[in-house]
Amino acid sequence: IVKRLRNGRPVDTLNKEYHTEGFYLKDFPLNAVIEMWKLQDKLDRPWKTKRIVLLQGDQDLSVGQLDNQKDYIRKFAGDAFIEAKEIQAAAHNLCGERESVLQEIASSILK
């Protein structure tokens with residue numbers, strides 16, 4: 001299955017090796033759909049957490065701006081600290097990018 005292109009590249013990653021060798025899911029497993037529905041039902045309740053980490057590639061063409069997502073999440077986050085960080089030279093699928101992106105994800109979560 002050919003990946004969807006935007007601006008001449010697949011939308012999910014800048015890693016050219018991943019474009020040809022990475023796993024690409026053409027269908028959602030039914031369990032994933034069920035879990036998304038469950039999450040939608042929970043969005044109107046406050047989240048019980050102290051910290052939220054939002055990470056987005058600076059060349060992500062799949063979702064909206066990071067600041068808009070942070071503003072949206074704030075209404076569910078209560079007093080939680082929200083850290084929003086843009087990862088340079090990365091697209092939507094951060095886990096399919098280079099090793100340094102994976103290290104940046106881990107260090108952001110483990111702070």
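User: Among contacts in the chain between residues at least 6 apart in sequence, what percentage join residues at least 24 apart?
Analyst: This is a predicted model, so every value here is computed from predicted coordinates. Of the contacts between residues at least 6 apart in sequence, 63% join residues at least 24 apart.

User: OK, and which elements is the chain built from, and in what order do they run?
Analyst: The chain has four helices and four strands, and if you read from the N terminus on, these elements follow one another as β-β-α-α-β-α-β-α.

User: How much of it counts as buried?
Analyst: The share that counts as buried is 25% of the 111 residues.

User: Which residues make up the largest nonpolar core?
Analyst: That core has seven residues in all, namely I52, L54, L66, I73, A77, A80 and I82. Strand 3, residues 51–57, and helix 3, residues 66–77, each supply at least two residues of this core, and the largest share, three residues, comes from helix 3. As general background, nonpolar side chains in soluble globular proteins tend to be buried together.

User: Where is another core, and which residues are among its members?
Analyst: Another core, of five residues, lies apart from the largest one, and its members include I87, A90, L94 and V101.

User: Back to L54 for a moment: is it buried or exposed?
Analyst: L54, which is found in strand 3, is buried, because its relative accessible area is 12% and the cut-off for buried is under 20%. Leaving aside neighbours within four places in sequence, L54 is in contact with L66, Q69, K70, I73, I82, E83, A84 and K85. The C-alpha atoms of L54 and S108 are separated by 9.2 Å, although the two residues are 54 residues apart along the chain.

User: And what does L66 touch?
Analyst: Not counting residues up to four places away in sequence, L66 touches L54, Q56, A84, K85 and E86.

User: Changing topic to pockets: how much space lies in the second largest pocket?
Analyst: About 260 Å³ of space lies in the second largest pocket. The elements that give two or more residues to its lining are strand 3 and helix 3, and the largest share of the lining, five residues, comes from strand 3.

User: Which residues line it, and how do they split by class?
Analyst: The second largest pocket is lined by V53, L54, L55, Q56, G57, D60, V63, L66, Q69, I73, H92 and L94. By class, the lining has seven nonpolar, four polar and one charged residues.

User: What about the loop between strand 4 and helix 4: what is the phi of A89 there?
Analyst: A89 is found in the loop between strand 4 and helix 4, the helix of residues 99–109, and has a positive phi of about 55 degrees although A89 is not a glycine. At 36% relative accessibility, A89 counts as partly exposed, because that value lies between the 20% and 50% cut-offs.

User: And G96, buried or exposed?
Analyst: G96 is also found in the loop between strand 4 and helix 4, and at 2% relative accessibility G96 counts as buried.

User: Which residues is G96 in contact with?
Analyst: Leaving aside neighbours within four places in sequence, G96 is in contact with T13, N15 and Y18. G96 and T13 are 83 residues apart in sequence, and their C-alpha atoms are 6.2 Å apart in space.

Technical notes. Residues numbered from 1 in each chain as written. Predicted model: local features only at pLDDT ≥ 70, side-chain atom pairs only at ≥ 80, totals over all residues. Heavy atoms only, no water. Buried < 20%, exposed > 50% of the residue type's maximum accessible area, 1.4 Å probe, protein only. Contact = heavy atoms within 4.5 Å. Core = buried A, V, L, I, M, F, W, Y, C linked by side-chain atoms within 4.5 Å. 1 Å grid on protein atoms, 1.4 Å probe; cavity = no way out; pocket = protein on both sides within 12 Å on 5 of 7 lines; lining within 4 Å. Points joined across faces, edges and corners; volume = space filled by probe spheres on them. Nonpolar A, V, L, I, M, F, W, Y, C, P; charged D, E, K, R; others polar.
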